Amino acid sequence: MIKHSSKEIQILKVRLVGLANPKLCFLYKSKKSSPDFYLTIDGSRSDYNLMKLINEDEYMFEVIFPRNTKKIELYVNEDGKTKNLLRLNNHFILRLFSKLEELPHKIYLHAKHFFTVLFQFIVLIWKQHHFLVPVKLWRKYFYDFRITLRSAGNSLFYNPFVQSDYLSWLSKQKSEKDLEPLSYRPLISILIPVYNVGEKILSECLDSILNQSYSNFEICLADDCSTKKETLNTLKRYEKKDSRVKVVYRKTNGHISAATNSALNIAKGEFIALVDNDDVLDKNALYENILALNKDKHIDFIYSDEDKLDFNGRRCDPHFKPDYSPDTLLSLNYICHFSVIRKKLVEEVGGFELGMEGAQDYDLFLKIVEKTNRIHHIPKILYHWRMIEGSTSASMDNKDYASDKGKLAIENALIRRNIKGHVEIDSKSLYYRVVYEYEEPLVSIIIPTKDHADITERCLQSIYEKTTYKNFEILLVNNRSIEQETYELFDKYTKMYSNFKVIDADMEFNYSKINNLAVNQSKGDVIVLLNNDTEVITSDWLKIMVGYALQPHVGAVGAKLLYPDMTVQHAGIILGLGGVASHAYIGSSRDDVGAYGRLRVPYNYSGVTAACLVIRKSVFNEVGQLEKDLSVAYNDVDLNLKLLEAGYLNVLVPQVELLHYESKSRGSDTTSEKYKRFLLEQEYMYSKWKSKVKSDRFYNANFSYKGWFVLDKD
């Protein structure tokens, strides 16, 4: 191997890898985003891929080449001169040596990680249960063990669901800044229903409130006819300790809704806050909420991030939440703690409904969001939810009735909103899916294609053979196909199906223009943008996706797409991830639940891929269709952002699955000539959507933008 650096390029590392599929990996540093490279394989010019890395000016040059290749040479043009950067001979023995060199170290790391995790869990189970683990916690511990094992070898990120990772991340957070002065200081009434809680835990809860950095609050406790003396004595002690502590002693046990209403009845604050009698507030919890109100006094409902306290009082299981996401809220009570709500709204909806115990807060939130859209999220962990035996914070299995009451809360919300539909409970995540009921409108399925008749027919067959939805048409858009087999396919399906039509798009490939052309000729009220390299798996895919697309607030609806090996290719788009945007959960197992059920139940995302996208035609036209200046990359991201800007929300419905035969190894869309176009389209997105790309409101500011739903180590 011979390698040289040039004036503009510094070579960092060169590797020849792969036994069956040889690949050259060339890591270099350059201030120039697109050097004028050219590559030769056995003397013939060849294409290559570029992939921008995490560091700003470091890039990876990649090329896959035939096994019988003898010589590879890489050149760069600088100042009108050609400079040879790399010359190497391809030998199987070099690639084999590279493979063997890594193997022992990988085995060692995986074995070390496995036994380390196993030891940690043995210690955990001994300390907390003396090996007598309640049956209802088995599934939780098994899941935690698998997730912890999967974090092996990850040196870039902390996994927030691995307690040791999360604690390490917490230890590295910056110390608090000085608190800003507050001109607006409303009274907050903190509602706490109490029943037979231990003195130590109740005291920790009340102390965490009394030690708040914001002082204009009252604690409204409602004792629900406790029988434990230590509970009653603790309440009386705190009544005497601080005049802001107010207690109402109920004469009968009415359960949590009735008790919380009793606390609400003695509240005098402009806002109420909800706290459980065994949980703990961050010392700036109230301050952060009042700070938000100082910036916008019209906010009616505020919620923040939260985590849990394990059986030993250590923090774990953080929930970093998105900004207000109404479709997500119909899948689970992601808002939960810490919630601060304008009191008059709580009174307007009738307080906490009797009979909804176990989901009383969820029921309240669903009612409140029907009264106001002035909802604010604070991306900071301000609430610590204690895991105790019998608590839903330890396991949803501990309160099976809570899951049923949550389903009832959503069903009641649908009735109040005059929406036809029913609610399903997902068996794996125990969260919910709304199935909308409606009269089927005509749906136009638009599929661009250029030759590859076998691939296109697989897609068409799956639609016609598996789709239960009846009222649809397929518009196959022919973009300058030249193969005889392709035109035979067109004739075959035109004769077989009356709802099949071929549209000619005689133009240079431009994904946006091709699809816009077909939309303009479509007859349906709803359109589906679908790649020809997809295959339907879920038979009621259209029924589900169209149901969401018909909701007045919804823009684009997307599905979970899988590679042929049944790993995830798409499960929502996150803005700013790895650049402009990227897919969530790439490479994850089909059976993974995802963070808080993201791979099982509907979630709002900033975007969904146009490889399978459903949208009302009127909305598609309203936002100006697909951007014609984005011929290949980011046209779907741009469409999603235009929808958000127009006030619509985008939804991923992961219960809908399709196969997507896009190659997992093709890298970025950047063969040598295409790369400059890719950069131009990337710059277009940065200039047009800079503020959106920098901050995804359906993600969370605490999460990394280098990997999905993880925390940065650096």
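**Note on salt bridges, surface patches and backbone features of a predicted model**

1. Lys246 and Glu218 form a salt bridge in which the closest N and O atoms are 3.0 Å apart. Lys246 lies in strand S13 (residues 245–249) and Glu218 in strand S12 (residues 217–223), so this pair ties together parts that are 28 residues apart in sequence. A salt bridge here is a side-chain nitrogen of Lys or Arg within 4 Å of a carboxyl oxygen of Asp or Glu. Helices (H or I, at least four residues) and strands (E, at least two) are DSSP runs, numbered from the N terminus.

2. Residues are numbered from 1 along each chain as its sequence is written, and side-chain values use heavy atoms, with hydrogens and water left out.

3. Buried means under 20% relative accessible area, exposed means over 50%, and partly exposed lies in between (1.4 Å probe, protein chains only). Accessible areas come from the Shrake-Rupley method with a 1.4 Å probe, and for residues only the protein chains shown count as cover.

4. Over the whole structure, a search finds 33 salt bridges. Side chains of opposite charge can pair when their charged atoms come close. Another such pair is Lys200 with Glu204, whose closest N and O atoms are 2.6 Å apart. Both residues belong to helix H4 (residues 199–210), where they stand 4 residues apart, about one turn of the helix. Lys200 is exposed, with a relative accessible area of 61%, and Glu204 counts as partly exposed at 29%.

5. Arg342 and Asp300 also meet through their side chains in a salt bridge, at 2.7 Å from N to O. Arg342 lies in strand S18 and Asp300 in the loop between helix H7 (285–295) and strand S16 (301–309), so the pair ties together parts that are 42 residues apart in sequence. Arg342 counts as buried at 10% relative accessibility, and Asp300 counts as buried at 5%. Salt bridges with shared partners join Glu270, Asp300, Arg342 and Arg374 into one network.

6. Which residues form the negative surface patch? Asp454, Glu483, Glu485, Glu488 and Asp491 form this patch. Helix H13 (residues 484–496) contributes the largest share, 3 residues. Glu488 is placed in helix H13 and is partly exposed, with a relative accessible area of 46%. Patches are made of residues with over 30% relative accessible area and no salt bridge; like charges are joined within 9 Å, and nonpolar side chains (Val, Leu, Ile, Met, Phe, Trp, Tyr) within 5 Å. Lys and Arg count as positive and Asp and Glu as negative, while His and the chain ends are not counted. The place of a charge is taken as NZ of Lys, CZ of Arg, CG of Asp or CD of Glu.

7. A nonpolar surface patch of about 470 Å² is made by Phe114, Phe115, Leu118, Ile122 and Phe131. Of these residues, Phe131 lies in the loop between helix H1 (92–129) and helix H2 (135–150). Phe131 counts as partly exposed, at 48% relative accessibility.

8. The peptide bond from His337 to Phe338 is cis, with omega near -5°, and Phe338 lies in the loop between H8 and strand S18 (339–342). Arg480, a residue other than glycine, has a positive phi near 60°. Arg480 occupies the loop between strand S23 (472–478) and H13 and is partly exposed, with a relative accessible area of 39%. Tyr634, also a residue other than glycine, has a positive phi near 70°. Tyr634 is found in the loop between helix H16 (617–622) and helix H17 (635–645) and is buried, with a relative accessible area of 13%.

9. Ser325 is located in the loop between strand S17 (315–319) and helix H8 (326–329). At 0% relative accessibility, Ser325 counts as buried. A polar atom of the Ser325 side chain lies 2.6 Å from the backbone oxygen of Asp323.

Conventions:
Predicted model: local features only at pLDDT ≥ 70, side-chain atom pairs only at ≥ 80, totals over all residues. Polar contact = N/O pair within 3.5 Å; in protein donor to acceptor, adjacent residues only side chain to side chain.
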